[in-house]
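Here are my notes for a first look at this entry. Please keep the structure open while you read.

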Amino acid sequence: MATDPFALFDEWLAEARTSEINDPEAMALATADASGQPSVRMVLLKGHGPDGFVFYTNEQSAKGEDLAANPRAALLFHWKSLRRQVRIEGKVERVPDAQADVYFATRARDSQLGAWASDQSRRLDSRQTFESRFEEVKRRFEGEDVPRPARWRGYRVVPERVEFWLDRPHRLHERRLFTRDGEGWTEGLLYP
Ligand SMILES: Cc1cc2nc3c(=O)[nH]c(=O)nc-3n(C[C@H](O)[C@H](O)[C@H](O)COP(=O)(O)O)c2cc1C
């Protein structure tokens, strides 16, 4: 039996990378606002390990506001071709600025410009407005590197609970649950 969920997650993600038709790193991110209203959307996993599961976004987006009010989240990977899911729950921390800078620098230039042009989750009157803003930032940074906008940052979900769900015939699915136990992890099973 594994002693922590990370090695098993690596194994499953590696398999998903060979089987999914696109975005094996896509995960649903659930947050809740201060009133408890949940909200869920997809994001891309951009780093993972014993420290947690990292994604990047705009801190002024709806999810960013939720996380400022309630820094807890749940993640869900569903790899359809493998008929597997992984559910992760825990506290959310910000990724240090220096690490976010390094990742931002690896993004395609248009994605970097998009991060400047987009007021993510705010109302937009027309597509044209967004396109003009994009052209404006394109001119603004012409001939220079595009720096990371301060509001664009990384978040790390530090897991307290990780469940691996495996399809079995006749709905007799297998569920392995890892729960954080001090410095280590306890593993158990759940009824399907
Ligand atoms: C497969 C997929 C991956 C996505 N990855 C990201 C991501 O890594 N970061 C992000 O901010 N939005 C990502 N999006 C867009 C989000 O789902 C969402 O539309 C956006 O972040 C605004 O969410 P919010 O209004 O709840 O904050 C992705 C969408 C899809 C379908």
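This is a predicted model: local features need pLDDT of at least 70, side-chain atom pairs count only at pLDDT 80 or more; totals for chains, interfaces and linings use all residues.

1. The protein has five helices and nine strands. Read along the sequence, their order is α-β-β-β-β-α-β-β-α-α-α-β-β-β.

2. Dimensions and burial. The C-alpha trace spans about 55 × 35 × 30 Å along its principal axes. The protein has 192 residues, and 40% of them count as buried.

3. The ligand shell. Which residues are closest to the ligand? They are Arg41, Met42, Thr57, Lys63 and Ser121, out of 13 residues that surround the ligand. By class, the shell holds six nonpolar, four polar and three charged residues.

4. The side chain of Lys63 has an N or O atom 2.5 Å from a ligand oxygen. For the side chain of Arg41, an N or O atom is 2.8 Å from an oxygen of the ligand. Ala62 takes part through its backbone: a polar atom there is 3.2 Å from a ligand oxygen.

5. Cover and sources of the shell. On its own, the ligand has 620 Å² of accessible area, and the protein covers 64% of that. The largest share is that of β2, with four residues.

6. Length of α1. Helix α1 covers residues 5-19, which is 15 residues.

7. The buried face of α1. Seven names make up the buried set of this helix: Pro5, Phe6, Leu8, Phe9, Trp12, Leu13 and Ala16. Viewed down the axis of α1, the buried residues fall within an arc of 155 degrees, so they line one face of the helix.

8. The start of α1. Asp4 caps the N-terminal end of the helix. One of its side-chain oxygens lies 2.7 Å from the backbone nitrogen of Phe6.

9. A loop residue. Where is Arg123? Arg123 sits in the loop between α4 (109-117) and α5 (127-140). Is Arg123 buried or exposed? Its relative accessibility is 87%, and the cut-off for exposed is over 50%, so Arg123 counts as exposed. From Arg123 to Val43 the separation is 80 residues in sequence and 20 Å in space, C-alpha to C-alpha.

Notes. Residues are numbered from 1 along each chain as its sequence is written. Side-chain values use heavy atoms; hydrogens and water are left out. A residue is near a molecule or strand if one of its heavy atoms lies within 4 Å of it. A polar contact is a pair of N or O atoms within 3.5 Å; within protein, one must be able to donate a hydrogen and the other to accept it, and residues adjacent in sequence count only if both atoms are side-chain atoms. Accessible areas come from the Shrake-Rupley method with a 1.4 Å probe; for residues, only the protein chains shown count as cover. Helices (H or I, at least four residues) and strands (E, at least two) are DSSP runs, numbered from the N terminus. Ala, Val, Leu, Ile, Met, Phe, Trp, Tyr, Cys and Pro count as nonpolar, Asp, Glu, Lys and Arg as charged, and the others, Gly among them, as polar. The expected span of a helix is 1.5 Å times one less than its number of residues. Buried means under 20% relative accessible area, exposed over 50%, partly exposed in between (1.4 Å probe, protein chains only). The arc is that of the directions from the helix axis to the C-beta atoms.
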